[in-house]
Structure formats: C-alpha cells, structure tokens
Amino acid sequence: MNENYQNQVDIGQALDWTDTITQDYGEYITLKPGEYEFTVTGLSRERYEGSDKLPPCPKAVITCSINSAQGSVEIRNNLFLTTKTEGLLSAFFTSIGQKKHGEPLRMDWTKVVGAKGRCKVSNREYNGNTYNDIERFLPPAENQKQSGGFAPGRF
C-alpha cells in the first residue's frame, strides 16, 4: 500500500505565543439517538498497532459532519482495514453510494471526502460525559424498502 498520501484533514495552523485569538469555544451538542444524513469532511490514514481483537492494520479516521436542528456536529469514526471488519467497511461504502449490495468494490478513498450518506447515531457515556457515536452506516434511503409501499408479489 502506498503510504504517501495527502492528508485531507484540516489540522489548522500553529499560533505564536503573542497571536490574537478570536474564536469562542462552542457548546458541545449531544444529538438525540436516531438516523441522520452526514457529509464526510475529513479523512486521515493512520496505522493501528493491533490488540487482542484486531491485528495491526491500516486505519481510516473519517470525520462526518451532521447538520441538526441544534447545530452542526462532527463525529470522528475509525474504520479498520481488516477482513474481520470488512462488513463495516462495506456498510460505509454502501452508505456513501460507492458500493452496491452483493457486488465487490475496490475501495477508493480519494472519493470519500465530500461524500454524503446516512448513519444511525447513538450516545456513549464515558467519565460522566455523553458523546455522539456512529452506531452504524445505513444504505441510501432510496434503496430501503418502504413499509406499506409496493412490493412485487405481495397482495
């Protein structure tokens, strides 16, 4: 795998000790658990050193931006490139429209930033704080069966 890539995550710029700062600290928004549309706004390619559950492997860290009624929320998600997590990778690429169900796909990470999809968000408690988590990536809405809608062979 070619490790020479352009980091697509905005990491900001260094400030000098005497620079003027103008940005206020925003309030952390906890989303209600549910389904949301997202846009991938960042991607970084990293290396996971392995654990008892996963071998050492490449890791994609994606940033998904969700516009909600409370404001814009960014959720970071790790995608581990292993055969054990292939189903999660498939769900992500299906959600953003790159993969079709039942068909193989050569992952094209160059088309990930800017892609739109759907996900199910849940909340996670850690050290007394509540965080947003992407529980799973969902297929595009037009591919989901509508309950009560037309279904071939059903009367």
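Strands β2 and β3 run antiparallel, and ten bridges join them. Two strands count as paired if DSSP finds at least two bridges between them. Helices (H or I, at least four residues) and strands (E, at least two) are DSSP runs, numbered from the N terminus. Please keep in mind that this is a predicted model, in which local features need pLDDT of at least 70 and side-chain atom pairs count only at pLDDT 80 or more, while totals for chains, interfaces and linings use all residues. Residues are numbered from 1 along each chain as its sequence is written, and side-chain values use heavy atoms, with hydrogens and water left out.

**The chain as a whole**

- The secondary structure comes to one helix and five strands, and from the N terminus on the elements run β-β-β-α-β-β.
- The chain has 155 residues, and 31% of them count as buried. Buried means under 20% relative accessible area, exposed means over 50%, and partly exposed lies in between (1.4 Å probe, protein chains only).
- Take the contacts between residues at least 6 apart in sequence: 51% of them join residues at least 24 apart. A contact means heavy atoms within 4.5 Å.

**The sheet**

- The five strands form an open sheet in the order β3-β2-β1-β4-β5, with antiparallel pairing.
- At the edges stand β3 (71-80) and β5 (129-138); each has a single partner strand, so one side of each is left without a neighbour in the sheet.
- Neighbouring strands of this sheet are turned by 40 degrees against each other on average, direction ignored. The axes behind such angles are lines fitted to C-alpha atoms, for helices over the stretch in contact, and angles run from 0 to 180 degrees between N-to-C directions.
- β1 and β2 pair in the antiparallel sense over nine bridges, and Cys57 in β2 is the bridge partner of Tyr48.
- β2 and β3 form a hairpin with two residues between them, and across this pair Lys59 has Phe80 in β3 as its bridge partner.
- Strand β4 (residues 116-126) also runs antiparallel to β5, joined by nine bridges; Cys119 stands opposite Phe137 in β5.

- Eleven of the twelve residues of β2 are buried, and the strand is mostly covered.
- Thr63 is found in β2 and counts as buried because its relative accessibility is 9%. Not counting residues up to four places away in sequence, Thr63 touches Thr39, Val40, Thr41, Gly42, Glu74, Ile75 and Arg76.
- Ser122 lies in β4. This residue is buried, with a relative accessible area of 16%. Leaving aside neighbours within four places in sequence, the contacts of Ser122 are Pro33, Tyr131, Asn132, Asp133 and Glu135.

**The helix**

- Helix α1 (residues 86-95) lies across β1 (34-48), β2 (57-68), β3, β4 and β5, and runs at about 80 degrees to β5.
- Which residues of α1 are buried? They are Leu89, Phe92, Phe93, Thr94 and Ser95, and their cover includes β1, β2, β3, β4 and β5.
- An α-helix has 3.6 residues a turn, so residues three or four places apart point the same way.
- After α1 comes Gly97, which has a positive phi near 85 degrees.

**The nonpolar core**

- In soluble globular proteins, nonpolar side chains tend to be buried together.
- A nonpolar core is a set of buried Ala, Val, Leu, Ile, Met, Phe, Trp, Tyr and Cys residues joined through side-chain atoms within 4.5 Å. The largest one here has 24 residues, and those with the most contacts inside it are Phe38, Ile62, Phe92, Trp109 and Phe137.
- The elements that give two or more residues to this core are β1, β2, β3, α1, β4 and β5.
- The contacts of Ile62, apart from neighbours within four places in sequence, include Val40, Leu43, Ile75, Phe92, Val112 and Phe137.

**The cysteines**

- How many disulfides does the structure hold? There are zero, where a disulfide is a pair of cysteine sulfur atoms within 2.5 Å.
- Cys119 is in no disulfide, and the nearest cysteine sulfur, that of Cys64, is 6.3 Å away.
- Cys119 counts as buried because its relative accessibility is 0%; Cys57 counts as buried at 3%.
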